[in-house]
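User: Hello! I am new to this structure and would like to learn how to read it. Could you take me through a few features?

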Amino acid sequence: MTRAPRFPAPRRLAYALLLAALPVRAQEFRPAATFVQINDVYRIDPVENGAVGGLGRVLTVAERARRATGATVRILHAGDFIAPSLESRYFEGQQMIDALNFLHARAPVIAVPGNHEFDERRPGMLANAIKASRFPWLAGNVRLNTGDAEADRRLGTDTVIESGGMRIGIFTLTFLDSPREYAAWDTTYVALAERQIQALEARRVDAIVGLTHLDLGYDRQIAALRATHPKLLWIAGGHEHFLIHHPLTDSTAAITKGDSNARRIWQVVVGRRGGQPALRADSIPLDASVAVDPAYARDVQQKWAARMREKVPFFDQVIGRSTTRMDASEEAVRNQESAWGSWLADQMRTAFPTIPADVAVLNGGAIRIDDALQGEIRWEHLARTFGFPTRVGLVWLRGRDLRETVLERGVSGGRGEGRFLQVSGLRFAFDRSRPANQRVTSVEIQRGAAWEPLDDNRVYVVAVPDYLFSGGDGYLFHNRALLSVPPGPDVRLMAFDALSAAYANGQAIGPAAEGRIVEAGVQR
C-alpha cells in the first residue's frame, strides 16, 4: 500500500494545499481549436464609409488569434455570401469567392450555403461559384443536380478536423426559399441533424459542431439534441442578421450568430474542461479600432472597386442629399422605424398618380443596403438598397384586414425578420410580449396633417411591393383584397426620380423617425 510522504508540519500544510488545488486545476479550460464565425456577409468591403465590419477586419481578427495561439485559426461561414448584392449583379458572386479564397489562404474557410446562394432559378451562378472556390462548401441536406458534375461533386456534407489533440466533427444544414430543379432539399432538419451527429460519433470525434443556415427556432431544437448527444457543443448559425448568443448548458449546445456584413462576429475556442469537451465564445465588434488587413484591402477590395467602376462609370454619381442621418442597417429596417424605410414607403404611395394610396407598406427584408446615409446620396446607395426589382401594386383592404392580415403579420415573428414593415400614411403601436396575431395595440391613419383611428369597416388603398403582393413572407393580400392593381412601377426608379428632382432644384430630403412605429417597452 502506497503511503503519502511524511513532511514536517509546514511542508505537510503546503502539500495539503497542493492536493486541494488539483481538482480546481483539472477544471481549467484547455483550448484545442480556435474558430472565427461569420454569417450573412454580402459585401467584400466594410459598411458605414469603411468604418465598420468587412472581411478585411475578419482576417485581422483571425491573424491576431493565430499569432496568440501559434495554431491554425479556421473561419466558419454560416451562409449567404454570393447574393444578393450590387456587385453580384455584375460579377455573379465571383468577387465574394475571390475574397473568401484570399481569407482561406491564411485562415482555412469552411462554408455552408445560405438560402440566397440559391436565388437564381438557373444553376450557373452557384455552380461557377463552387468551382471557383478553394475552400469547401458543405450542406448535409442538399444534393445538387446542376448539370455540372464537378460542382455537384464538390458540395460535401460534413468534415472532421484535428487540432490540439481533439477530433472535431462539423455537420451542416441549410434551407431554400423556393424549390429549385437543380437542388434536392431535405427539410427534416432535426432528424437529419441527429443522424449526422450519430455518424460523427461513429467516427470517434471528441466534439461536434453544427454549421447551419436555419431559422433560430430550428437551431434551438437541434441544440437540444445535446441532452442525448453530449459531444454536441455548438451551433454556428446564420440567417438571422443580428448578434445572438445562447450559452452552452448540460442539455443544450451553445448557439451563436453574428451581425450581417460582419459588424460583430464571434471568436469561439473549442477545448476541454475536466476532460470533457467545452468551449469559450467571445463576440468581437469590428469597428474602426480593428484595422482592415492591408493586403486584403489592396488585392481584393481595391481591385473589385476598380472593376465595379469600370462597369458602372456613374457609380459615385451624387443623385441627392439628406439633411438627416437615415439608419438603414439590417438591425433598424427589420425591427423598428427607419427614416430611409419611411421615405421609400412615402414614394410608394405615388406609384399610380391617378390612384393615390392611403397607406404603403414595405418589408424590411427588401432593404438590403445595411448602412447609414447622410449628406450626399450616391447612385451606389440607391442601387445597394434594393437587391431585387421591387415593383409596386395596389390592394383595397378593409381596415380590419389591414390590421389583422398586414400589420399583425409584420410583427408576428421574432426580432430581425424580413417581414417587419416600414410604413407610410399610418402609425401603429405593438407589444412583442403579447401572443402572435394580438400584438398590434393601436393604429391611426393619416388624413392631411391630422390622424384618425383606423376604421375597421372603411376601405383603404394600400401600396405594396410585388414580393408581398404575391404572398411572400406569408402575407395573404389576395385572400382579403376587395380589388387590386398588379405591380408596375419600380420603387428604385421612383426614389431616383424624387431624389434627383429635389437635388436639381437645390433641395435635400430630411426624413426622420417620427413615431410611425412604436414598440412597447422600447425607448428609441
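Analyst: Gladly! Helices (H or I, at least four residues) and strands (E, at least two) are DSSP runs, numbered from the N terminus. With those names, proline 136 has its place in the loop between helix H5 (124-132) and strand E4 (137-138). This is a predicted model, where local features need pLDDT of at least 70 and side-chain atom pairs count only at pLDDT 80 or more, while totals for chains, interfaces and linings use all residues. Residues are numbered from 1 along each chain as its sequence is written, and side-chain values use heavy atoms, with hydrogens and water left out.

User: Is proline 136 buried, exposed or partly exposed?

Analyst: Buried means under 20% relative accessible area, exposed over 50%, and partly exposed in between (1.4 Å probe, protein chains only). Proline 136 has a relative accessible area of 33%, so it is partly exposed.

User: What does proline 136 touch?

Analyst: Contact means heavy atoms within 4.5 Å. Not counting residues up to four places away in sequence, proline 136 touches His104, Val109, Ile110 and Ala111.

User: Which residues of helix H8 are buried?

Analyst: In H8 (residues 216-223), the buried ones are Leu216, Asp219, Ile222 and Ala223. They lie on the same side of H8 because they cover an arc of only 120° around the axis, taken from the directions from the helix axis to the C-beta atoms. Their cover includes helix H7 (189-202) and strand E10 (207-213).

User: What is the order of the strands in the open sheet?

Analyst: Strands of a sheet pair through backbone hydrogen bonds, either parallel or antiparallel. Here two strands pair if DSSP finds at least two bridges between them. The open sheet has six strands in the order E7-E8-E10-E11-E13-E12, with mixed pairing. Strand E7 (158-163) and E12 each have a single partner strand, so one side of each is left without a neighbour in the sheet. E8 and E10 run parallel, joined by six bridges; phenylalanine 171 has glycine 210 in E10 as its bridge partner.

User: How do helices H2 and H4 cross?

Analyst: Axes are lines fitted to C-alpha atoms, for helices over the stretch in contact, and angles run from 0 to 180 degrees between N-to-C directions. The axes of H2 (residues 55-69) and H4 (residues 94-104) come within 10 Å and cross at roughly 10°. Angles under 35 degrees count as roughly parallel, over 145 as roughly antiparallel, 65 to 115 as roughly perpendicular and the rest as oblique, and H2 and H4 are therefore roughly parallel.
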